[in-house]
Amino acid sequence: QVQLVESGGGLVQPGGSLRLSCTFSGSIFSIYAMGWYRQAPGKQRELVAAITSGGATNYVDSVKGRFTLSRDNAKNTLYLQMNSPKPEDTAVYYCNAETYNSGTLKGYWGQGTQVTVSS
């Protein structure tokens, strides 16, 4: 089992900055990838950014150059630094962890944190 707790969401002005945090605990040795997803009203959940256990990252095209994903293993925390957010970034953001243990793949989700980009 892996537990994920997100924080840092809120209201931010366009062009501002916001940092989301996801603290993880439990069977963290089994995590091979983590990421942030988002879901806007009436839309499907989409991957925003992901990082492998080896540190490789990938981003959806719409956030490249503006968002930065990082992981602090000492603090068991995943971060998403959001710079120059746009109104279209407004969504509920979810932390995700993909695990592999004893031949079983399983994904875990946090409860979500609302991000609203508006002036």
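Me: Which residues form a nonpolar patch on the surface, and what is their accessible area together?
Reply: Patches are built from residues with over 30% relative accessible area and no salt bridge; nonpolar side chains (Val, Leu, Ile, Met, Phe, Trp, Tyr) are joined within 5 Å, and like charges within 9 Å. Accessible areas come from the Shrake-Rupley method with a 1.4 Å probe, and for residues only the protein chains shown count as cover. Here the patch consists of Tyr 32, Tyr 100 and Leu 105, with about 340 Å² of accessible area together. This is a predicted model, in which local features need pLDDT of at least 70 and side-chain atom pairs count only at pLDDT 80 or more, whereas totals for chains, interfaces and linings use all residues. Residues are numbered from 1 along each chain as its sequence is written, and side-chain values use heavy atoms, with hydrogens and water left out.

Me: Is Tyr 100 counted as buried, partly exposed or exposed?
Reply: Buried means under 20% relative accessible area, exposed means over 50%, and partly exposed lies in between (1.4 Å probe, protein chains only). Tyr 100 has 47% relative accessibility and therefore counts as partly exposed. Tyr 100 lies in strand 9. Strands (E, at least two residues) are DSSP runs, as are helices (H or I, at least four), and they are numbered from the N terminus.

Me: Which strands does strand 9 pair with, and how many bridges join them?
Reply: Two strands pair if DSSP finds at least two bridges between them. Strand 9 covers residues 91–101 and runs antiparallel to strand 4, to which 8 bridges join it; Glu 98 of strand 9 is the bridge partner of Ala 33. Strand 10 (residues 104–109) is also antiparallel to strand 9, with 6 bridges, and Asn 96 has Trp 109 as its partner there. A further 3 bridges link strand 9 to strand 11 (residues 113–117), again antiparallel, with Gln 114 of strand 11 as the partner of Val 92.

Me: What phi does Ser 102 take in the hairpin of strand 9 and strand 10?
Reply: Ser 102 takes a positive phi near 55°, in a hairpin with 2 residues between its strands.

Me: Which residues form a disulfide?
Reply: A disulfide is a pair of cysteine sulfur atoms within 2.5 Å, and by this rule the count is 1. The sulfur atoms of Cys 22 and Cys 95 are 2.1 Å apart. The angle about the S-S bond is -80°, and the link is left-handed. Cys 22 lies in strand 3 and Cys 95 in strand 9, so the pair ties together parts that are 73 residues apart in sequence. Both cysteines, Cys 22 and Cys 95, are buried.

Me: How many salt bridges does the structure hold?
Reply: A salt bridge is a side-chain nitrogen of Lys or Arg within 4 Å of a carboxyl oxygen of Asp or Glu; the structure holds 4 of them. One of them joins Glu 46 to Arg 38, the closest N and O atoms being 2.7 Å apart. Glu 46 has a relative accessible area of 31% and is thus partly exposed, whereas Arg 38, at 6%, is buried. Arg 38 also meets Asp 89 in a salt bridge (2.9 Å, N to O). This pair links distant parts of the chain, 51 residues apart: Arg 38 is in strand 4, and Asp 89 is in the loop between strand 8 (77–83) and strand 9. Like Arg 38, Asp 89 is buried. Salt bridges that share partners join Arg 38, Glu 46, Arg 66 and Asp 89 into one network. Lys 64 and Asp 61 also form a salt bridge (3.0 Å, N to O), and Asp 61 is exposed, at 62% relative accessible area.

Me: Where does Ser 30 lie, and which residues does Ser 30 touch?
Reply: Contact means heavy atoms within 4.5 Å. Ser 30 lies in the loop between strand 3 (17–26) and strand 4 (31–39). With residues up to four places away in sequence not counted, Ser 30 touches Val 2, Glu 98, Thr 99, Tyr 100 and Asn 101. At 6% relative accessibility, Ser 30 counts as buried.

Me: Does Ser 53 count as buried or exposed?
Reply: Ser 53 counts as exposed because its relative accessibility is 57%. Ser 53 lies in the loop between strand 5 (46–52) and strand 6 (57–59). Leaving aside neighbours within four places in sequence, Ser 53 is in contact with Ile 31 and Tyr 32.
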